[in-house]
Structures are given as structure tokens and as C-alpha cells.
Amino acid sequence: MERSRVAGEAPTGTRILLASLSAVVAESVTFPIDLTKTRMQLYGSGSASGAHRIGAIGVVSEIARKEGVIGLYKGLSPAIIRHMFYTPIRIIGYENLKGFIVGSETNNGESLPLATKALFGGFSGVIAQVVASPADLVKVRMQADGRLVSQGLKPRYSGPVEAFTKILQSEGVKGLWKGVLPNIQRAFLVNMGELACYDHAKHFVIDKKIAEDNIFAHSLASIMSGLASTTLSCPADVVKTRMMNQGENAVYRNSYDCLVKTVRFEGVRALWKGFFPTWARLGPWQFVFWVSYEKFRQLAGISSF
């Protein structure tokens, strides 16, 4: 397929803008699924009984009944802010790492081994997550606040600005990076699965002439990458969510303690709590993101990812 411009020659600022715009669209569309996943992961958190089990449909019904439809978007603003930093850094970082290795060859890194792509994806995800961790923390806290409202309790924060300010005042600057270690672990696994798998799967579909470089190829690749990244990252995601939701009265000493207590009190399966809504979110998220991003790149005269 003819390429109008290789990624290495495309303006970095343009690619950052397109990645941010695509991420905002994808996050807005799929946010209620992310909220459902977070609430499911928090059920039983720190409880020795771990007995209260509730499915995705039950969580959505409970949110809609007690908080209204608007409750499904609790924490959307910090989520969008997070993705305006997180997604461009990991996407452009991954592309630039590939470009550094292969230069401006027309294959644009398609011949790189899957293991190399996985390493590049994981490394890009780590850097992006360190930068975006404060916004991720605020998002998780605000999502968890919805449970307090549903129980007739006063939420901890009225909005993202107050959440950021209160965390900074009560927990210090370090508090903004609470849960950063499990965050980094999750980011490495997610991006190792998502970026490498999407990249590899898309070119496999195209090379085998299953589809052209179009929405069908992008859809197939996004489904495969979503499943791979969810399977790899769900345990780290559960630990990350629980660690980041802790306030001053911490239930878990560190991510390892959280992992051990979760397995001890709730069983190994608890590490994959929220697996279906996580995958159900990653699939549509990646579909919306990649289709949008690839289309925006095409309109901008930049080669496909």
C-alpha cells in the first residue's frame, strides 16, 4: 500500500494532537464501562469476608438507580485530562522508538519481532503512566466516591480540582503518586499487550490479505489487542485501583500486601475482578481510538500507525 509520509517524517505536534483528540473521543464513549470496572474491583476491598459479589449488570443497575444516569460519568473530567497526557506519550513514544531502530524505511518497523514491539510498548506505557498518575489517582477517587453517595454518605470531593487540592494538602506531593508502582506495572502490561498486539495483528491481517488497511483490519486488530492486554493487566489493575483508592487510613502497606490480602480473603479469581467490563471497555475504546486515529492521520496526510 502506498504511504504518503512515513511516521518518522510526520510532525510530532500533529501526531500528539491527533492522538489526544482520538483519546478524548474514545474515553467519552466508553467511560461508563470503565466506571463499572472500577466499582467491581472495589467491592470486597480490604474485607476479610469478600462475600459481597456483584456482576457488571448489577453494578450498572445500582449506579443508575441510586445516582442517576449522570452517576455513570462520575470522574470523566480527570479521565479526559489523564488521556490528554497518557495516550500521546505512549503512542508517539512507541512510534518514535520504532523509528529510531528502523529509521525511515518504508516498512516502518513492521518487520520488527513481536518481542521487540512488546518491549517498546511496555516502556512507552511506563513513561506515560508516571506523567499521568496524578490525574489517574483523582479519577479513581472520584469514581469510588460514587459508592459513598449511593450509601447516603457525603463524597470526599466535589470535583477534580478539590480532589487534587485535598490530596495535595492531606497526603503531600507524594500522595499524588500513590499507587504509582502498581500503576507502572499495569501500564507496562497493558501497553505491551495493546500496542505490540495491535501493531502486529494489523500488519498480519494486511499481509495475509484478510483485509486492506481499513476499518475492518483496525477492528480485528483492536479486538485481539484488547483481549491480550486485558488478560495480562487485570491483576495489576485490581491492585492499582485498590492502592490508589486508599486515603490516610491505608488497608494495604504496599502493592504486594494488597496482592496477598486480595488472594487470601477473596481467592485468586478476585485478581480478575472486572475482567469482562475491562475487556468490554478496551474493545470499544480501542475500536473508537484506532479507527479515529487512523482516519485523522489519513486526513492529515500521515502514514497509518
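Read along the sequence, the protein follows the pattern α-α-α-α-α-α-α-α-α. It has nine helices and zero strands; both are DSSP runs, helices being H or I of at least four residues and strands E of at least two, numbered from the N terminus. The model is predicted, so that local features need pLDDT of at least 70 and side-chain atom pairs count only at pLDDT 80 or more, while totals for chains, interfaces and linings use all residues. Residues are numbered from 1 along each chain as its sequence is written, and side-chain values use heavy atoms, with hydrogens and water left out.

**The whole chain**

Display the whole protein. Of its 305 residues, 52% count as buried; buried means under 20% relative accessible area, exposed over 50%, and partly exposed in between, with a 1.4 Å probe and protein chains only. Among contacts with a separation of 6 or more, 77% are between residues 24 or more positions apart, a contact being heavy atoms within 4.5 Å.

**The largest nonpolar core**

Next, select Ile91, Phe289, Trp290, Tyr293 and Phe305. Of the 21 residues in the largest nonpolar core, these touch the most other members. Such a core is a set of buried Ala, Val, Leu, Ile, Met, Phe, Trp, Tyr and Cys residues joined through side-chain atoms within 4.5 Å. Two or more residues come from each of helix 1 (12-42), helix 3 (76-102), helix 6 (180-207) and helix 9 (275-299). Helix 9 gives the largest share, five residues. Apart from this core lies another, of nine residues, including Val140, Ala163, Leu176 and Met244.

Now centre the view on Phe305. Leaving aside neighbours within four places in sequence, its contacts include Ile91, Tyr94, Tyr198, Lys202, Trp290 and Arg297.

**Helix 6 and helix 9**

Two packed helices are described by the angle between their axes and the distance between the axes. Axes are lines fitted to C-alpha atoms, for helices over the stretch in contact, and angles run from 0 to 180 degrees between N-to-C directions. Select helix 6 and helix 9, which pack at an angle of about 60° with their axes 13 Å apart. They are therefore oblique to each other; angles under 35 degrees count as roughly parallel, over 145 as roughly antiparallel, 65 to 115 as roughly perpendicular and the rest as oblique. Glu194, Leu195, Tyr198 and Lys202 of helix 6 make the contact with Trp285, Gln286, Trp290 and Glu294 of helix 9.

In the loop between helix 6 and helix 7, select Lys209. Although Lys209 is not a glycine, it has a positive phi of about 60°. At 73% relative accessibility, Lys209 counts as exposed.

**Helix 7 and helix 8**

Val239, Arg242 and Met243 in helix 7 meet Ser255, Cys258, Leu259, Thr262 and Glu266 in helix 8.

**Gln129**

Finally, select Gln129 in helix 4 (residues 114-150). Gln129 is buried, with a relative accessible area of 0%. Not counting residues up to four places away in sequence, Gln129 touches Arg82, Tyr86, Asp136, Asn183, Ile184 and Ala187.
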